[in-house]
Amino acid sequence: MSSADQPLTRWRKFRMVMKVVELRLRFVALMAATALTFAYWDTLGNYYEKWTRPTGPTIAATADHEFYCPMHPTVVQPTAGSCPICGMPLSKRVKGAETPLPAGVLSRLTLAPDRIAQAGVKTVAASYVPLTETVATVGTVEIDERRLRRIASRTKGLARVEKLHVDFTGVRVEAGQPLAEVYSPELYQAMQEMLLHQRTAQASPAGNRVLGDPQNLVRLAADKLKLWGITQEQIDRILKDGKADYRLPILSPIGGVVVRKGVVEGDYVAEGQALFEVADLSHIWVKAQVYENQFALVREGQAVHATVEAYPGEVFSGRVAFIDPVLNPQTRTAVVRYDLDNPNLRLKPGMFASVTLETPIADAPAFRERIARANAGAAKLHKAVLTAEEQEKCLVTDAKLGSMGDPLPVEVDGRKLWICCASCESKIKTTPARYLARLEAVPVDAVLAVPESAVIDAGSRKVVYIEAEPGVFEGREVVLGPISNSRYPVLEGLKPGDRVAASGAFLIDAETRLNPRAAGQPSTPAPRSAATNSTTRR
């Protein structure tokens with residue numbers, strides 16, 4: 001009997017199952033290894049190059065490669081080694097290839113001193129200055145809604161307007177002054193009931209009050225009249241005279257101006273129908289329309305000024321009291337309101353006004369958040385002695401301490417600081433104010449700013465040129481706020497003390513654009529001349 005004809009025992013069944021599982025696990029492992037190899041192909045290649053690379057400072061480069069310093073592109077050597085300026089290990093590249101620029105640098109231009117003088121290039125330091133953004137818009141004079149009263153009929157059914165004491169709009173009235181007189185049968189009947197209860201109370205002997213105190217019925221009838229708008233003074237007069245007046249005076253609840261009259265003599269008015277509107281115009285509102293791109297510059301409590309054509313040269317000042325939380329979808333504006341005293345009623349509701357709001361740029365939300373973060377970090381950097389962990393970054397290169405080797409201690413103006421390499425020591429000691437400014441707290445009322453002439457507007461981005469080293473200018477992309485007083489506030493891209501080209505920036509930018517290699521365009525390499533005054537990189 002062959003093995004194939006033998007009956008399957010439990011052991012043979014178990015072995016067959018295990019072989020199937022083993023084959024499938026091998027297939028899964030093979031697929032996983034293949035996927036990981038493809039995913040980490042570049043990493044494996046880098047490790048292979050590292051393990052197979054010859055060691056030693058005098059290893060010669062191939063005929064197609066050279067070694068350069070990423071921090072100092074002018075340092076180029078045919079062999080591997082360290083940068084003689086900063087001590088950083090040299091990187092390898094193909095000969096003639098463009099030198100990669102540090103992160104954030106768009107271009108680099110080196111100018112000889114005579115070229116700088118010819119171009120009239122002058123630099124200034126980016127510093128903190130108080131800037132104010134002015135928002136000019138149009139507004140209108142409006143009635144203070146809190147001082148507007150609408151007088152409506154409160155009697156049941158229909159009431160007839162018997163007499164108008166105020167028969168046109170615009171009349172100035174005092175609080176409690178009669179505006180009109182109306183007749184209502186229900187109201188007249190309620191007055192008669194109150195008088196009847198009064199006479200009953202007066203006629204009843206004090207000791208014969210089986211049904212209770214009649215004065216309670218008088219009070220209940222008076223309360224009913226109060227619900228219909230009758231004042232206590234009117235009720236007292238009716239009880240004193242002992243007769244009901246079929247005409248009820250409508251009194252003004254406040255002093256002001258009648259801005260709307262909704263009835264004429266002889267009209268019948270229903271319960272709740274508006275008769276008059278009275279507004280106190282001794283205090284008015286000025287409402288300004290602010291576009292949505294200016295919302296960040298407006299806050300409650302800030303100073304605001306308005307002028308009207310009726311009083312040229314006169315400024316009506318106040319402070320923002322309210323910002324409308326809802327945007328008008330048609331005009332893309334929101335209402336900004338401020339209150340204004342108007343004792344002589346010189347300002348009339350409906351007037352147009354030219355409104356100006358002045359906002360410190362440091363109060364804008366974007367700057368407030370950055371100032372708060374910067375001051376939180378500066379609090380721990382204000383000590384005379386800092387550790388490398390506390391400082392975190394080199395003040396000169398802005399590189400993380402330890403990325404170029406062990407951090408080096410340096411003493412500047414009595415403070416112990418740290419730098420990333422030896423080449424930074426001369427820079428920080430030559431111009432200490434430029435780099436120590438990066439450790440100081442940000443003034444709460446100031447923002448980092450640069451002159452308008454230092455900014456190159458390239459449409460999709462804005463660029464400034466920083467003098468990284470004497471004669472070396474680097475193009476940096478920056479994020480700016482709204483211009484104010486010929487200065488741009490800087491949100492990102494610069495640090496305090498950075499020297500920017502305030503004069504001649506356009507000439508530097510033109511130099512980088514005219515050179516195809518600087519502009520990043522393909523070009524035919526030209527032989528280098530010893531008399532070349534400038535080189536560019538992008």
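How many helices and strands are there in the protein, and which residues of helix 11 are buried?

Tutor: This is a predicted model, in which local features need pLDDT of at least 70 and side-chain atom pairs count only at pLDDT 80 or more, while totals for chains, interfaces and linings use all residues. Residues are numbered from 1 along each chain as its sequence is written, and side-chain values use heavy atoms, with hydrogens and water left out.

The protein has eleven helices and 29 strands, where helices (H or I, at least four residues) and strands (E, at least two) are DSSP runs numbered from the N terminus. Of its 538 residues, 35% are buried; buried means under 20% relative accessible area, exposed over 50%, and partly exposed in between, with a 1.4 Å probe and protein chains only. Among contacts (heavy atoms within 4.5 Å) between residues at least 6 apart in sequence, 68% join residues at least 24 apart.

Helix 11 spans residues 505-514, and its buried residues are Ala-505, Ile-508, Asp-509 and Thr-512. They lie on the same side of helix 11 because they cover an arc of only 95° around the axis, the arc being that of the directions from the helix axis to the C-beta atoms. What do the buried residues of helix 11 pack against? Their partners are strand 4 (105-111), strand 24 (456-457), strand 25 (462-469), strand 26 (472-480) and strand 28 (499-503). On the face of helix 11 turned away from its buried side are the exposed residues Phe-506 and Leu-514.

Some residues elsewhere can be read in the same terms. Gln-234, in helix 6 (residues 232-241), counts as buried at 5% relative accessibility, and, leaving aside neighbours within four places in sequence, Gln-234 is in contact with Gly-229, Leu-248, Pro-249 and Leu-251. Arg-93, in strand 3 (residues 91-94), is also buried, with a relative accessible area of 11%, and its side chain makes a polar contact with the side chain of Glu-66 at 2.9 Å; a polar contact is a pair of N or O atoms within 3.5 Å, of which, within protein, one must be able to donate a hydrogen and the other to accept it, and residues adjacent in sequence count only if both atoms are side-chain atoms. Met-18, by contrast, lies in helix 1 (residues 10-39) and is partly exposed at 40% relative accessibility.
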